[in-house]
Amino acid sequence: MGLENTAYALGGLTATGGTIGFLRTGSVPSVAAGWTVGLLYALGGYRLQNFQSFGLELALLASVVLGGSSIPRALRLKKPVPVVLSFVSLFGAFVFGDAFRKTL
């Protein structure tokens, strides 16, 4: 699986998760954050697919933003949704961070 496919998958996962959070609880921040991070991942994947600059950096940024919001909540609340989001962000940070390190 290429980096662009990983970015698309994580983008779809976070956007879908934000939508489900909105449908279940009516949480506008859930849908806004889910779609924002999902679009960052998707834009990164698109740029990677087309060999454009900053695709890798956008996908890594999406992982950092997602982790920055979900990891503290996961540690504090210990609820399933923040924990899963934390693992998604850590996976993305590892995959895209490793690829970015190799470009240096």
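Helices here are DSSP runs of H or I of at least four residues, strands are runs of E of at least two, and both are numbered from the N terminus.

Before going further, please keep in mind that this is a predicted model, in which local features need pLDDT of at least 70 and side-chain atom pairs count only at pLDDT 80 or more, while totals for chains, interfaces and linings use all residues. Residues are numbered from 1 along each chain as its sequence is written, and side-chain values use heavy atoms, leaving out hydrogens and water.

Now look along α4 from end to end.

Side chains of opposite charge can pair when their charged atoms come close. Counting a salt bridge as a side-chain nitrogen of Lys or Arg within 4 Å of a carboxyl oxygen of Asp or Glu, there are two. One joins D98 to R101, with the closest N and O atoms 2.7 Å apart; the other joins K102 to D98, at 3.4 Å from N to O. Together D98, R101 and K102 are linked in a network of salt bridges. D98 is partly exposed, with a relative accessible area of 25%, whereas R101 is exposed at 51% and K102 is exposed at 60%.

What does S70 touch beyond its neighbours within four places in sequence? S70 sits in helix α3 and is buried, with a relative accessible area of 0%. Its contacts (heavy atoms within 4.5 Å) are P82, L85, S86 and S89. The side chain of S70 also reaches the backbone oxygen of L66, at 2.8 Å.

For aromatic rings, a search of the whole structure finds one pair. Y41 and F96 form this pair, which is tilted, with 6.3 Å from centre to centre and 40° between the planes. Rings of Phe, Tyr and Trp (its six-membered ring) pair if their centres lie within 6.5 Å, with planes under 30 degrees apart counted as stacked, over 60 as edge-to-face and the rest as tilted. The pair links distant parts of the chain, with Y41 in α2 and F96 in α4, 55 residues apart, and both residues are buried.

Finally, the unreviewed UniProt entry lists residues 20-42, 54-75 and 81-100 as "transmembrane region"; such annotations may be inferred rather than shown by experiment. In the model, residues 81-100 are 100% helix and 0% strand, with end C-alpha atoms 28 Å apart. Residues 20-42 are 91% helix and 0% strand, and their end C-alpha atoms lie 19 Å apart.

Notes. Buried < 20%, exposed > 50% of the residue type's maximum accessible area, 1.4 Å probe, protein only. Polar contact = N/O pair within 3.5 Å; in protein donor to acceptor, adjacent residues only side chain to side chain.
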